[in-house]
Amino acid sequence: SSSLKKNTSSSSIPNSAHETARALSALHRLNVSFFQYNDDARSTKLLDLYFDSKAKLIHSLLDQLSGSSGNNAGSGSANNTSNNAEDGNKEPLIMGQNNGSEDATDVAEKIISKIVLILQHDIILYPYQIFMLRKYKLISTTTIGEGKDNLGQDSALVEDVMNTLPSFDHAKVKTKASKFLAAHLPLIRSKVKTVLVGIAGTTASRLGSIRQSLYDKTDGTACLASLSSEGLCTWDEAVQNVVDLKMITTALDGLSTAATSTDKSMDNTTASTSTFSSAPSQRKFSLWSTLFSNTFSSLVHSILSTSFHSVHRQVVATLRASLLNAPSFTDILPHEAYRNTLRIASDLDAALEKVSDDAHELLVHAEEREESERRLRQSLYVQTCEIMGRLLNELRRMLVAVGTDGEGNNTKDDEDATKELIVGRLCYLLKFRLTSLPKLLDPKSSPAVLSRSGSKIGMITVEELQSAFEIADVDDDGLINFEEAMEAMNGAFSGTQFHGAEMVRDTMLLTSGADDKTPSNVGARSTPKNLTLSELTLLSARGLRHDVSGPGSSLGTIQRTLDNIVGSCFSRWATAALSSNTKSCSSLVAQFMTVSSTASDAEWTRLNKYNTTSEEDLINEEISQVLEGDASTPKVQIGTVSSFITSYLISVAALLNKSISPSDSLPPFPSSEYASAMGIENSKESITMVDTLRSCLLKESLSSLSNMLRTNVLETDSDGDDTEISKLHKFGPSASTQLLLDIKFISHCFFERNKYTLADEPSSDFIMNAKDILRDAEVKVIAHMNESGGDVEGALPVFELRYADVYLSCSMFLSSLLGEDDGSSSSSFNKENFEDNYGQNEHPYLVHNPLPSSRRFTLLPIQAEQSVKELQLIRNLEKERAEKAEAEKLTGASAAANAVSSSIGYFSAFLKKK
């Protein structure tokens, strides 16, 4: 047996068939135990010994293969060399001397190649030649001139060796070889897959070369020609006569049923169908298809999963580091935020592109291009959907992070909007900068499309997934936790081969505990573990039929989710950034309402300095009116828009100017075709970052002003009898007119003067709600003015002049927020016609509170010239001399005056005594 193992352990050396036959002949002749059997029993015993020796050799190589996958490949090579020396085999491990400097990957590749050679020669080719044909080719080692005589001698030598062997039953040979393959092919495939997974996880660049090498040694043209070059038989003839396809198919089917559900879902073809290189009617056994083709195809998903997980971890880690080191949102510079988020988005796009390129280079096989590329495109599609769903879920959950106070209660800090600003900018760039997504998410690469050419698998639609999601969403907030998501996925994928709960665990990295280990806590904050329908749609891409285009496609789902995150981020940022201005304006509005309710109309007019005459003139005028009996109604003074309203709007414009950089004004995409390819719905409208920030600030300011009016104007007070009374019942005509002016100015400013859109749709709920509040407040003030005898119709034209005054004096600030004024908002109204009824032609000027400087850089001090310093010194000396001379003059004059006064005082003393 050891002799047989020695002579057949290196099947690639010359005359190995001859050495095998000689070893079998020696066993047949010299083994005494064979003498008690007849020829049939002897042939059976020889077959058993032959295939048992091959089994031991295979297991020995598999053990070496397991050892080569360890960290110490050098010791494994030394052990292998010593083992071969003990067996008496002086040949190298595989074709070439092992110099001891090869790594574990090289050793593993050589061992796998040796196993392939044993299966080809010792299990299929040599048994067919020796046991069935009873002839093999002996290569002569003599010189060329003696070749003709040696041919006859070689043939005679082969015939002499074969005559010493008993005859073998062809059926038994086929059965023995097929049972050997059925028993060892699944084992070899499993072991090889384990080793290849390790190679792919550490040195993925070698996987492509290993695949090509193994293909060349199994189904390569040169390999098949070499196997058939001996002239006795072809490789196909040997396979057809030695291999029982049914027996091997049964064994491999048993292996495929033990595969994991992930491998099944990613590879629609079973192991049995991939065992043969042609259609079922023309089945042909192939070692490549049996051992490596399906193995490498299943490795595609594992390799891509590892790569995409690495990309996800890198992006999230970079983002968290940026958030940790970022200053507060009041100090952060817009160009720095743009640069950092652009770097993250560009790195993500480059990483996705690199994964795709490397996968095509390493995993698309030249000889199996159509099949391998189909599987690769499908896996890239699924993995891209999963990484984007996981990343979008992570970004959304960052925004709703909550902390805990000392008592363990959940708290949320609304004042710090740094996270919202950075995440919002990142998501905005992800919409347009991920240029690799259209290629990776090609609808033709989806599992639903590619499965039509193979075996049809059960897949669900987005509507079915939505129904399951709505059932799990009990509180109708559009969010379900991970446990509810698993239950919903199990219900949605019931009746299919997919396991919904396992799909959620795999895609959200819950199985390995990665979600718990991920540093999702920043400080004392934690992120809620929940999912939206859009995120779940991306995470279940392997079993879901996405639409080809539109919002229901994978690209459309990503764009829609990014839009939601961008809107949420900048809405919260606008609320936090304007919180101090909103509080100040709200307090001033409340103060205005209190003063207007407690002061008389004359007092309110004097407090607001609407009259230019002095207080004494006002008293004299009032006395004369009483003496003359003139009880005419005093003129109503119409001032300008309240300073706190104007100051609030200027603060909003200053915040917008402070928060943008020049890059934010550039179009996000170069053409509408580019936008359509990225899955953007409104590809003809270019919404820049400036437009996005402006829209959020306009919405927040309009919402804040509307809430102020609703609280201070529309809400009612209650007296002691629980009777609701209006807050305007004590307002005088001037205060009511001022309040109406402010309300109509807010409405005019946002809905007439504003040149930009406030929302995606003019009829949105937000716009309608704000208009309703402004209209109700306006109607209520007008009704109070009519009851108190105010002239509303006469005041409205003057309001237009007041609007124009604000727009004219604040155009430098408001133009960036509301757009350039084309003059249509101001009226060509003649002020002289209203001079008699509404006071003087000149109205009070706007008084603006000082605003903080919005300059980006502080001014550096400039060193004064030497000549300027000398002039200042001379001027100071002359001034000191003049002051000293003046002081001396005053001193002399005061001495004389004191003398006179002292003499006068002397005489006055005598007068007092009398």
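Predicted model: local features only at pLDDT ≥ 70, side-chain atom pairs only at ≥ 80, totals over all residues.

Let's start with helix H29, which runs through residues 643-658. The helix has 16 residues and reaches 22 Å from its first C-alpha to its last, close to the 22 Å expected at 1.5 Å a residue. Twelve of those 16 residues are buried, so H29 is largely enclosed by the rest of the structure. Among the buried ones are Phe644, Ile645, Tyr648, Leu649, Val652 and Leu656. And what do the buried residues of H29 pack against? Their partners are helices H25 (554-577), H26 (579-598), H31 (689-714), H32 (733-753), H34 (792-809) and H35 (811-818).

Some of those partners turn up again in the two pairs below. Two packed helices are described by the angle between their axes and the distance between the axes.

| Pair | Angle | Axis distance |
|---|---|---|
| H17 and H25 | about 150 degrees | 8 Å |
| H26 and H31 | about 25 degrees | 10 Å |

Take H17 (residues 418-433) and H25 first. With an angle of about 150 degrees, H17 and H25 are therefore roughly antiparallel to each other. H17 passes H25 in a left-handed crossing. On the H17 side, the residues making the contact include Glu420, Leu421, Arg425, Tyr428 and Lys431, while H25 brings in residues including Gln559, Asp563, Phe570, Arg572 and Trp573. Sorted by class, this contact of H17 with H25 has eleven nonpolar, two polar and five charged residues.

Now for H26 and H31: are they roughly parallel or antiparallel? Their axes pack at an angle of about 25 degrees, and H26 and H31 are therefore roughly parallel to each other. Their crossing is right-handed. Thr582, Cys585, Ser586, Val589, Ala590 and Met593 of H26 meet Ser704, Leu705, Met708, Asn712 and Val713 of H31. This contact of H26 with H31 splits into seven nonpolar and four polar residues, with no charged ones.

Last stop: glycine 543, which you'll find in the loop between helix H24 (533-539) and strand S6 (544-545). Is glycine 543 buried or exposed? Its relative accessible area is 0%, so glycine 543 counts as buried, the cut-off being under 20%. Leaving aside residues up to four places away in sequence, glycine 543 touches Met459, Ile460, Phe493 and Phe498. Glutamine 497 is 46 residues away from glycine 543 in sequence, yet their C-alpha atoms are 9.1 Å apart in space.

Methods:
Residues numbered from 1 in each chain as written. Heavy atoms only, no water. Helix = DSSP H or I, 4+ residues; strand = E, 2+ residues; numbered from the N terminus. Expected span 1.5 Å × (residues − 1). Buried < 20%, exposed > 50% of the residue type's maximum accessible area, 1.4 Å probe, protein only. Contact = heavy atoms within 4.5 Å. Axes fitted to C-alpha atoms, helices over the stretch in contact; angles between N-to-C directions. Parallel < 35°, antiparallel > 145°, perpendicular 65-115°, else oblique. Left-handed = near helix turned anticlockwise from the far one by under 90°. Nonpolar A, V, L, I, M, F, W, Y, C, P; charged D, E, K, R; others polar.
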